[in-house]
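Here is a short report on one protein chain. Keep the sequence and the 3D view open as you read.

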Amino acid sequence: MLASRTTEFARRLRAVALAWLPGWRGRSFALARAVGAPHGGDLQPSACPEPRGRHFSLSAAAVVDSAPRPLQPYLRLMRLDKPIGTWLLYLPCTWSIGLAAEPGCFPDWYMLSLFGTGAILMRGAGCTINDMWDQDYDKKVTRTASRPIAAGDISTFQSFVFLGGQLTLALGVLLCLNYYSIVLGASSLLLVITYPLMKRITYWPQLALGLTFNWGALLGWSAIKGSCDPSVCLPLYFSGVMWTLIYDTIYAHQDKRDDVLIGLKSTALRFGENTKQWLSSFSVAMLGALSLVGVNSGQTAPYYTALGAVGAHLVHQIYTLDIHRPEDCWNKFISNRTLGLILFLGIVVGNLCKEKKTDKTKKSIENRIENQ
């Protein structure tokens, strides 16, 4: 009797162990057998397909996919599943906040988090406006046909109400800043609304996007200092616009064939086979403006080291770019997040080194005074 029970227990234990071996087929069926389910029950191997590579993931796309189904179209309308655009909007803000920090200090973490929240909301609002304007065009382009409004997952009225909610929350973030910054931030709303229309009017819609996306280069400094210093903020803003012309021209090469068919314009079509020469010019202008920023803000060696790394990144990006391969254009486009983070790191470390330099200078002055 005891032997038979022991044998039965061993059989069930073996079945459970086999059920959790990686790649073992019929896992649910084995578990059912282990706990004594009848052979003819509902759980059959064919009724429970084998899971294929299900891994825990914290990627933006995975988070959106795991959200409640009614919310998913709205999250995709905000492009939360593709956060690269939010990064490219946010990074100029971080540069400006980092440059405005006191010598020897880290950037204001509260401001960084506040601007991060604002970047998510304003990028989402910009995408909503863009998709509302472009829904008829998006239906004709393979890459954009699945966007929520174009696909019919969200109506125009629903997207309009959703846009109002995003802008209201963004206004709440803006009201946390000083009065100068509130006025400066509000003045960018016209750019946010109109830049999606530029592709119908001019071959330079990327310039309009650059003027919009880099407004944080002005706003970040004013949020810390209370106003803008033109000697730092203007060249920083200009460098951001040049950067946008680089990465968004690369991005636009993905859609150039569809753009020709439906009558939209872009710098990718304007530059054509001369794209690399144009991008090289924009890179030189960007690096020159960032060098001026460093001089005018009293930056130190780590900043210029980071600037050299940014230059190397741009050279590699442009030299290896294949404008006729959409997948390569996408990879080059998203690599600009790394570029922006390198520059931010250089600003932070360079600013921390200012204190060391200042301390040495103070001690030197004090020693001279004592020796006199």
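## Ground rules

A residue is called buried when its relative accessible area is under 20%, exposed when over 50%, and partly exposed in between (1.4 Å probe, protein chains only). By that rule Q206, at 5% relative accessibility, counts as buried.

This is a predicted model, where local features need pLDDT of at least 70, side-chain atom pairs count only at pLDDT 80 or more, and totals for chains, interfaces and linings use all residues. Residues are numbered from 1 along each chain as its sequence is written, and side-chain values use heavy atoms, with hydrogens and water left out.

## Confidence

The score pLDDT is the predictor's confidence in each residue, from 0 to 100. The protein chain averages 84, and 80% of its residues score at least 70. Helices here are DSSP runs (H or I, at least four residues), strands are runs of E (at least two), and both are numbered from the N terminus. Confidence is highest in helix α16 (residues 275–296), at a mean of 98. It is lowest in helix α2 (residues 27–34), at a mean of 34.

Two stretches call for caution. Residues 1–10 stay under 50 in pLDDT, and the model gives them zero contacts beyond four places in sequence. Residues 12–56 are also below 50, but this stretch has 28 contacts beyond near neighbours in sequence. A contact means heavy atoms within 4.5 Å.

## The whole chain

The chain has 19 helices and zero strands. Of its 372 residues, 43% are buried. The accessible surface comes to about 19800 Å², and carbon and sulfur atoms hold 64% of that. These areas come from the Shrake-Rupley method with a 1.4 Å probe; for residues, only the protein chains shown count as cover. Now take contacts between residues at least 6 apart in sequence: 71% of them join residues at least 24 apart.

## Annotated regions

An unreviewed UniProt entry carries the annotation "transmembrane region" for residues 150–171, 207–224, 236–254, 275–295 and 334–353. UniProt positions are given in the numbering used here, feature names are shortened, and annotations may be inferred rather than shown by experiment.

How much of residues 275–295 is helix in the model? The stretch is 100% helix and 0% strand, with its end C-alpha atoms 30 Å apart. Residues 334–353 are 95% helix and 0% strand, and their end C-alpha atoms are 30 Å apart.

## Aromatic rings

Rings of Phe, Tyr and Trp (its six-membered ring) pair if their centres lie within 6.5 Å; planes under 30 degrees apart count as stacked, over 60 as edge-to-face and the rest as tilted. The model has 16 aromatic pairs by this rule. One of them joins Y251 and F333: the centres are 4.7 Å apart, the planes are at 55 degrees, and the pair is tilted. It links distant parts of the chain, since Y251 is in helix α13 (residues 230–252) and F333 is in helix α18 (residues 326–334), 82 residues apart. Both Y251 and F333 are buried.

W330 and F333 also pair; their centres are 5.6 Å apart and their planes at 40 degrees, so this pair is tilted. Both lie in helix α18, three residues apart, about one turn of the helix. Is W330 buried or partly exposed? W330 counts as partly exposed because its relative accessibility is 29%. F333 has 6%, so it counts as buried. Ring pairs link W95, W243, Y247, Y251, W330 and F333 into a cluster.

## Charges over rings

A charge sits over a ring if NZ of Lys or CZ of Arg is within 6 Å of the ring centre and within 35 degrees of the ring normal. K225 has its charged end over the ring of W221, 5.7 Å from the centre. K265 lies over the face of Y203, at 5.7 Å from the ring centre.

## Buried spots

Q206 lies in helix α11 (residues 205–213). Beyond its neighbours within four places in sequence, Q206 is in contact with T244, L245, D248, T249, A252, S266 and T267. Q299 sits in the loop between α16 and α17 (301–319). Its relative accessible area is 8%, so Q299 is buried. Beyond four places in sequence, the contacts of Q299 include L99, Y304, G346 and K354.

R79 is in the loop between α4 (72–77) and α5 (84–100). R79 is not a glycine, yet it has a positive phi of about 65 degrees. In helix α8 (residues 179–186), S181, I182, L184 and G185 are buried. Their cover includes α7 (156–174), α9 (189–194) and α12 (216–225).
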